[in-house]
Amino acid sequence: MKTRPAGIGNVNADWMGSLPSKLSAMPLKNLAVPGSHDSFTFWVDVHAPVGPDQKTYVKYLATMFSILAKKVMVKWSMTQNLTFKEQLDAGIRYFDLRVSSKPYEPGNEIYFIHGLFGHKVRDGLLEINSFLVKHRKEVVFLDFNHYYAMDTEHHLYLLTMLQEVFGSKLCNNCAVENISLDYLWEKKYQVIVFYHHPSAQGIPVMFPGNKIPAPWANTTEPNKLIQFLESTLNERAKQGSFHVSQAILTPRANTVAKGLVWGLRNYLVERNLPTIMSWVEAQRPGVDGVNIITSDFVELTDFANIVIRLNNLLLSEKDPKRR
């Protein structure tokens, strides 16, 4: 049996339901919530064609070198090791989701995508719903922010699927300031879906993408990342939206070339995690502070616990702002 990394298990499976009443009454946009980047990449299909999100030259290389090229792509496409259930058990509550059809496949089936195709979206949603059925006070953010090879029928298929799987658990689009855990528990809502595409307009249970900005640093350098995280936090809107701090480094083409056989985790993530986590540990939630923080390979550190514990800082405030 494989040994689990520290901090992984179901120790945080009910962390939201265990928060003090002072915190459950606050708007969720003022709480610290752990999330994962490219949340679905714990498995990708090396036997399927390269995804439509890739540049033409990558598709060409994958065609010429087939499985060998794709095995290299796996090392740079995977940003998580844990399944949805394992992430949920560990305390992750925000999921960064990119989806696509398979252009050569008949029908409207939708898959997760990050360079290579992942599981069917329906399977991932069912796994999340199964967790929520057993943990009635836990709430998830599902952020559908990238779509590839999807026409009107594909979007309708996905939007219908979301409503079929989650049903009455879906939170109605409303003022973000009104959304506290107490509010969600009262309504029996457990899922907040953000759909960054016009096809969701007019659907009451779909939040627009502008209610969850997630500024992207697009850098390989941890010091530049931290400067970016600080500046975007300072510019965070006081009202009207949640906020995602993407505490991630992004490889460039020359990064991949230099670390070809090592991959994202070994070449870029692990050696820079101490710097990134030091920034996370120094944060404070609240109106002017962090809200959702995302990370690659959430099990490599005590990431979820560290983010969740930031909420204790709000308990010391005599009159916390609840705008």
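Colleague: Which helix gives the largest share of the lining of the largest cavity?
Modeller: The largest share, 5 residues, comes from helix α9, residues 263–281, where a helix is a DSSP run of H or I with at least four residues, numbered from the N terminus. This is a predicted model, in which local features need pLDDT of at least 70 and side-chain atom pairs count only at 80 or more, while totals for chains, interfaces and linings use all residues. Residues are numbered from 1 along each chain as its sequence is written, and side-chain values use heavy atoms, without hydrogens or water.

Colleague: What's the volume of that largest cavity, and which residues are closest to its centre?
Modeller: The volume is about 70 Å³, a cavity being a set of points on a 1 Å grid where a 1.4 Å probe fits but cannot get out, with lining residues having an atom within 4 Å of a point. Of the 10 lining residues, A247, I248, V269, I276 and D296 are the closest to the centre.

Colleague: How many cavities in total, and what classes line the largest?
Modeller: The count comes to 2 cavities of 30 Å³ or more, and the lining of the largest cavity has 7 nonpolar, 2 polar and 1 charged residues.

Colleague: Switching topic, how many disulfides are there?
Modeller: The count is 0, taking a disulfide as a pair of cysteine sulfur atoms within 2.5 Å.

Colleague: Why aren't C171 and C174 bonded?
Modeller: The sulfur of C171 has that of C174 as its closest cysteine sulfur, but the two are 4.8 Å apart, which is too far for a bond. C171 is buried at 0% relative accessibility, and C174 is buried too, at 18%, where buried means under 20% relative accessible area, exposed over 50% and partly exposed in between, with a 1.4 Å probe and protein chains only.

Colleague: And how many salt bridges?
Modeller: There are 8, each a side-chain nitrogen of Lys or Arg within 4 Å of a carboxyl oxygen of Asp or Glu. One of them joins E164 and R122 at 3.9 Å, N to O. Because E164 lies in helix α5 (residues 152–166) and R122 in helix α4 (residues 121–134), this pair ties together parts that are 42 residues apart in sequence.

Colleague: What about R98 and D96?
Modeller: Their side chains meet in a salt bridge at 3.1 Å, N to O. R98 is buried at 14% relative accessible area, and D96 is buried at 4%.

Notes
On a 1 Å grid over the protein atoms alone, a cavity is a set of points where a 1.4 Å probe fits but cannot get out, and a pocket is an open set with protein on both sides within 12 Å along at least five of seven lines; lining residues have an atom within 4 Å of a point. Grid points are joined across faces, edges and corners, and a volume is the space filled by probe spheres set on the points. Helices (H or I, at least four residues) and strands (E, at least two) are DSSP runs, numbered from the N terminus. Ala, Val, Leu, Ile, Met, Phe, Trp, Tyr, Cys and Pro count as nonpolar, Asp, Glu, Lys and Arg as charged, and the others, Gly among them, as polar.
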